[in-house]
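Hi,

Here is the structure I promised to pass on. Have a look at it first, and then read on for what turned up in it.

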Amino acid sequence: MSIKMLSCMISLLCIVTGILGDCENIRILNKKLQYTNRLEYMKYNFPINYTIRVHREEVLRASKVTRLMQRYNATESDLQKLWWFTSNNIVKRIRDVLPKKHPSYNYTTDLQNIMEETLNTTEDDVLDTWIPGGIVHDIMSRLRSPEEKRPLKSVKPKTLLDNCFKVMDMLFSAICKLH
C-alpha cells in the first residue's frame, strides 16, 4: 500500500512540477507578447501589408480552439500541446524571413527559445503523446508532412502573434493565473 501511495505522490509531483515550469514560461511569454511588443516588433518594423505564407492549420485562432473542443471533444491538454507546437512553428517562420540585423530578430529568437525550452522534446515525441485518430493528432500529422501539398495563406506577422497571444490566454490563463 505505501509503495502505491509513494508512486502516486511521485507521479503527482512530476505533473505539478511540469505544470509549474510551463506556467513560468507562459508568464514570460505573456509579458513578451503584450500588445505594445507585438505592435513594435511585428507591425512597425515590417513593411506595410507585409505577409508571411503559412498553412491554414498553423493559424490557431480562439474560434478554432473552441470549435475543436465543441465538435471534436479535444482535450485542453491536447490543445495546449498543439498551441506550443504551432506557436513555435509560427515564430520560426517569422524569424526565418528576418535578416539577423533586423530589429525584430532578437525578439523572435527570445520567443522561440522560450517555446523550445518548454517543448523540450522532439516533434516525434510530442506527436507520440496523442492518441492516433484524434483531431489534434490529425492536425499535427498534416503539419509535419512536408510532402503533402496544402494551400498556403498570407497572414501578417502581427496577426499571427495576436492569435498566439489570444489562444495562450484562453488555454493557460486559468491554470497559470495570468490575470
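Let's start with a term you'll need: a salt bridge is a side-chain nitrogen of Lys or Arg within 4 Å of a carboxyl oxygen of Asp or Glu. With that in hand, you can look for Arg 38, Lys 158 and Asp 162, which are linked in a network of salt bridges. Do keep in mind that this is a predicted model.

Now the overall layout. The protein has 8 helices and 2 strands, and from the N terminus on they run α-α-β-α-α-α-α-α-β-α. Of its 179 residues, 42% are buried.

Back to the salt bridges. How many are there in the whole structure? A search finds 7. Here are some to click on.

Next is the pair Glu 58 and Arg 93, with the closest N and O atoms 3.0 Å apart. Glu 58 has a relative accessible area of 5%, so it is buried. Arg 93, at 27% relative accessibility, counts as partly exposed.

Then there is Lys 92 with Glu 116, where the closest N and O atoms are 3.8 Å apart. Lys 92 belongs to helix H4 and Glu 116 to helix H5, so here the pair ties together parts that are 24 residues apart in sequence. Lys 92 counts as partly exposed at 24% relative accessibility, and Glu 116 counts as partly exposed at 35%.

While you're at H5, follow it from end to end. This helix covers residues 105–119, which makes 15 residues. From its first C-alpha to its last it reaches 21 Å, close to the 21 Å expected at 1.5 Å a residue. Its buried residues include Tyr 105, Leu 111, Ile 114, Met 115 and Leu 119.

Which residues form a positive surface patch? Arg 56, Arg 61, Arg 67, Arg 71 and Lys 153 do. One of them, Arg 56, is found in the loop between strand S1 (52–55) and helix H3 (62–72). With 56% relative accessibility, Arg 56 counts as exposed.

Most residues other than glycine have a negative phi. Asn 49, however, has a positive phi, near 60°. You'll find Asn 49 in the loop between helix H2 (35–44) and S1, and it counts as exposed at 58% relative accessibility. Asn 73 also has a positive phi, near 55°. Its place is in the loop between H3 and H4, and at 62% relative accessibility Asn 73 counts as exposed.

Cheers

Terms used: Residues numbered from 1 in each chain as written. Predicted model: local features only at pLDDT ≥ 70, side-chain atom pairs only at ≥ 80, totals over all residues. Heavy atoms only, no water. Patch = residues over 30% accessible without salt bridge, like charges linked within 9 Å, V, L, I, M, F, W, Y side chains within 5 Å. Areas by Shrake-Rupley, 256 points an atom, 1.4 Å probe, with all protein chains shown as cover. Lys, Arg positive; Asp, Glu negative; His and termini not counted. Charge placed at Lys NZ, Arg CZ, Asp CG, Glu CD. Helix = DSSP H or I, 4+ residues; strand = E, 2+ residues; numbered from the N terminus. Buried < 20%, exposed > 50% of the residue type's maximum accessible area, 1.4 Å probe, protein only. Expected span 1.5 Å × (residues − 1).
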